[in-house]
Structures are given as structure tokens and as C-alpha cells.
Number of protein chains: 2
Amino acid sequence: MTVVDTHAAVDSRRAWEVVLQHIEADLLAGRLVPGDHLPAERALSSELGVGRSSVREALRVLEVLGLIRTQTGSGPQSGAIIVARPSGGMSSLMRLQVAAQGFDVRDVVKTRLVLEAAVVTELAEASATALESAPLDLGDAVRLLDAMDADGQVSEAEFLTLDAAFHLALADLSGNTVIASMMAGLRNSIESYVLAGVPNLRSWAETSGRLRHEHRAIVAAIESGDAESARDVVNAHITGYYAETNFISTSE
Amino acid sequence: MTVVDTHAAVDSRRAWEVVLQHIEADLLAGRLVPGDHLPAERALSSELGVGRSSVREALRVLEVLGLIRTQTGSGPQSGAIIVARPSGGMSSLMRLQVAAQGFDVRDVVKTRLVLEAAVVTELAEASATALESAPLDLGDAVRLLDAMDADGQVSEAEFLTLDAAFHLALADLSGNTVIASMMAGLRNSIESYVLAGVPNLRSWAETSGRLRHEHRAIVAAIESGDAESARDVVNAHITGYYAETNFISTSE
DNA sequence: TCGTAAGCTGTGGTCAGACCACATGGCCTG
DNA sequence: CAGGCCATGTGGTCTGACCACAGCTTACGA
């Protein structure tokens, strides 16, 4: 007897693709939901008739894409567990594509602008229609702004981290997980460029002051339900910083 | 006393992460550019001091993310080659996140709406400022519309495929590769839902006729440089279809 | 001389088996 | 009854061995 079947149709998919598609099918059918454990690697291996290394290649992909979390040891927390956290995968994808020149940094910034405008528009409109009894709560975002106001106590890198967290908090508040994870990925992919641009600023104190002021203006516009104004401020906020740091070639 | 080594710095990264970060560093430094070959798996293995299986796990990730293409055999086309094609990775990521319930389908549609509006706005503005000598060329997109007009000759699935290609062509024409690959991923991740919604339509002939008409209206608005009108049509175009197919719960 | 066919070489693709570190949970001992 | 020990099962890794494949080299024959 041969090792491979000779009459049945040969599966031209690579072994790890078989594993990946098997798991995807289980997810689509609802047989696997967030929180569930995947079968053990050795079990999947024998169940699907592929080597354990092929199973591991598929699991590695799922891990990087943010679908599973793996843990060694034994017990309820060990093994591969479905988590479905998209932002990590989005960040890896965009960061690597920028590194490999698949994404132009200018397009990343432009896209961030589009999404950011959509987020504040959504929030402002939600705020305008919010009931008295359930007003829009921007608490998480405002707390980050307060942390940025500790003048002299916050380094440039820390400030920019808080800045990123603020914009991400707005995206989260909009309730759109797709946009939120995209924003996380976009920001993450150009983080090193943002930091590298700081020395190009005329005055950090001046710029950070302006950024702080603009952040407050964004919050105010959202809370007053003024979508158009929120969009304008956000637009100036982002393009201004990049222009000051010569982040983007001005030839555009 | 701790278990870990006290003199040498322990590399807590997993072996495959070492490989991934090594390649990412080479990309960032420009030592690897699109078209280049990666070292052979066995060479990377010994060079980085990890097992070949760990190298393969890293390469698998890069392949799924759309950074490399692998090919068996010998010669100039064999091996792993940097390609940096983001749309495949974006599609895998979004499709799996939707399957794993990390992305809500309604958010996917909303996000598509945001990006689509940005694309047509960009195109309309570009058209408005285009020189007589170099007018905006929507040829690729229009050809797809012509293909959709072969009444009775195009199946529902084919029509929807052409529809997707039309919107993707617009995104490509906008020149923003980030948005274009996002649109590809978004559309891809809900393709099965789009197809599944067709039977819910009152009349396919009626709906497809309306879609065709709206497509032409989008093109016309872009060519006339009317960004606002283009946005409105695109908005009605997309939300209309999803409403007709009960694709999205109306409770929202 | 030239063309063709054979085989050589190096590539990714896969598998099997062997360890390791680790975390749990039950068992055994005091 | 309490505490520590170890069996068990998990992912993480490495090694070595094949295979299929594609290009290149070589040798053979017309």
C-alpha cells in the first residue's frame, strides 16, 4: 500500500492550508466561538492526517492574525484559545507592509485622516442625539488628555503614546471595532516615523501645547454635537503635526 | 535564585519571532526590497541559530500577510521572494476575524461606506482639478460596467463579482493602496453574506437594474467633479442593497 | 556540430520522533 | 489534615529524513 491515496482526488492544498481552512470552517459554522479551546496540536495533526509541524504553521498564522492565544503548561488556560482580537494582527500586517514598501507612508496618513474624520463625525452625531438620561461619555478619552497636561512631567515619547491612546479611545467609543483596529494598525505602523519626526519640530513646547489645545477642541466639538467642526479640527490636528515634522514630503 | 541565566541576556522571544523580527529589520533597513530573494530556509536556520521549522513558521506568516511568495524547484523564480501585496493579507485577516466574531458584519459594512465615500470624493476632486490634457481616466471601471450590461448574459454571482471589481477599481484609481487593500479585504470578508442575500430580493432584475443605474451615476458624478453628489449616490447605492437583502438587522 | 535526454543540485513541503519547559492537579507522605 | 512531590499533558523547538519540483549541466547520439 502506498502512503498516499491513489484513487481519490489529490488535495493540492498545502498541508497547513488544510488546517487553516478546517478551523475557518469550524468558526463559520459556530462550532468554535471565542473562548473555546482548539484541539491539541497532536490531536489536530492525527485528526486531519497532517504532520504536527504543518498544524503549527497554521496556528502560527492564526496567532499573528489575532485569532488565537497560545499558552504552555496544563490546565484550563493552556493550549490554543480563540480570542479574536483584530488589532494585533492589523498592526503586524500594516507595519510589515510599510516596511516592505507595500504601503506608502503618505497613504497611511491619508487613510488615518479619513477614518479619524469618520470617527469624530459619528461621535458628534451620537452626542447630538444622545438622551439626557444617557449622555455620551467621553470619560476614558478625557482622562488621557488630563494625563497629557502634567506639564514638564511627560516626556515626548510618553506624550505621543498618550496622544495615540486618545485617538484610539475615540475610535473605540465610536463602537466600530473594524475602524478601531484599523486605526490601531495605522498608527502602529508609522509609530517610528512619528517619533523620528520630533527633532524636526521648531519647538516641542509649542507643538505639544497646540496638540493639547486641539484635543480639547475635538472633545468640545463632539460634545456639542458639531460634526463639521469636529472634522475640521481633527483634520488640522493631524495634517498640522505631519507638516511640522516634515513627515510627509510637501511635494504632494 | 532564578531559573534564568544571570550573565547572558536571555532571549525570551520565541524562535519564530526571532526570524520574523530579523526579516522585518532587513526590510526597514532597505537590505531587502521587493523582488529580492530571502535566504534559503536552511541558510536562515543556521544563520539565526534556530531550527528550520521555526524559520518556516515565520515564513508562513509572511506569506499569509502578503509579503512573500514561495516557489519550489530551482532557478531565479524559486525560493521566497519579497512581493508586498497587501490585499491578500488584508482579506485573510478580515475574513477570519469576521468568522471568529472579532468583527461585526455591520461594522464591516459601515467601514466600507466610509472608505467608499472617501474614494469617490477623492476621485471627484481630482477630476475637478484635472487638466484638459490629462483628464481622469475611469476607463477600467467603465469597462466593468459595460460587462455588467450584457443583460441576461450575466449570472447573479458574476454580476456581483463585477460589482466588487468596479468598486475596487475606483479604489485603485484613487491611488491610495492602503484604502484599496482595505476595500478588497472588507468586500472579501462579507462576500458570502452578499451572495446569501440575493434570494431575499424582491426582484433581481429590478435590483440589478437599479445598481447599474447607480454605478453610472457614480461615474457621472465623479467625472463632473461633483464630490457631494458622488458621496450621496454611493451611500444610497450601498445601504440600499444591504437594506433590500435584509443583510443588516434593521434594529440598528 | 548540434540537439536532446539524462541526471545532478538546490529549493520548498512535509513528516516523524525526540526532547524541553511549564503549569496543573492528584497522590503520597509526614 | 497539610504540604510537597511527581505524573500528565500542553505548546516550543530541534533534528533528520524524505519527497516533488524546476532549472542547469553534462554526456550522448544523430
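1. In this predicted model, helix α3 (residues 52-64) of chain A packs against helix α3 (residues 52-64) of chain B at an angle of about 55°, and their axes lie 9 Å apart.

2. Where the helices meet (heavy atoms within 4.5 Å), R56(A), E57(A), R60(A), V61(A) and V64(A) face R56(B), E57(B), R60(B), V61(B) and V64(B). These residues divide into four nonpolar, no polar and six charged.

3. DNA strand C is surrounded by 26 residues (a heavy atom within 4 Å), and the closest are R14(A), A15(A), G51(A), S54(A) and R52(B). Of the atoms of DNA strand C that come within 4 Å of the protein, sugar and phosphate account for 62%.

4. Phosphate oxygens of DNA strand C lie 2.3 Å from a side-chain N or O atom of R14(A), 3.0 Å from one of R56(B) and 3.1 Å from a backbone N or O atom of E41(B). Elements giving two or more residues to this surface are α1 (15-28) and α3 of chain A, together with α2 (41-48), α3 and β1 (68-71) of chain B. The residues there divide into five nonpolar, 13 polar and eight charged.

5. Residues are numbered from 1 along each chain as its sequence is written, and chains are lettered from A in the order in which they are written. Local features need pLDDT of at least 70 and side-chain atom pairs 80 or more, while totals for chains, interfaces and linings use all residues, and side-chain values use heavy atoms, with hydrogens and water left out.

Conventions. Axes are lines fitted to C-alpha atoms, for helices over the stretch in contact, and angles run from 0 to 180 degrees between N-to-C directions. Helices (H or I, at least four residues) and strands (E, at least two) are DSSP runs, numbered from the N terminus. Ala, Val, Leu, Ile, Met, Phe, Trp, Tyr, Cys and Pro count as nonpolar, Asp, Glu, Lys and Arg as charged, and the others, Gly among them, as polar. A polar contact is a pair of N or O atoms within 3.5 Å; within protein, one must be able to donate a hydrogen and the other to accept it, and residues adjacent in sequence count only if both atoms are side-chain atoms.
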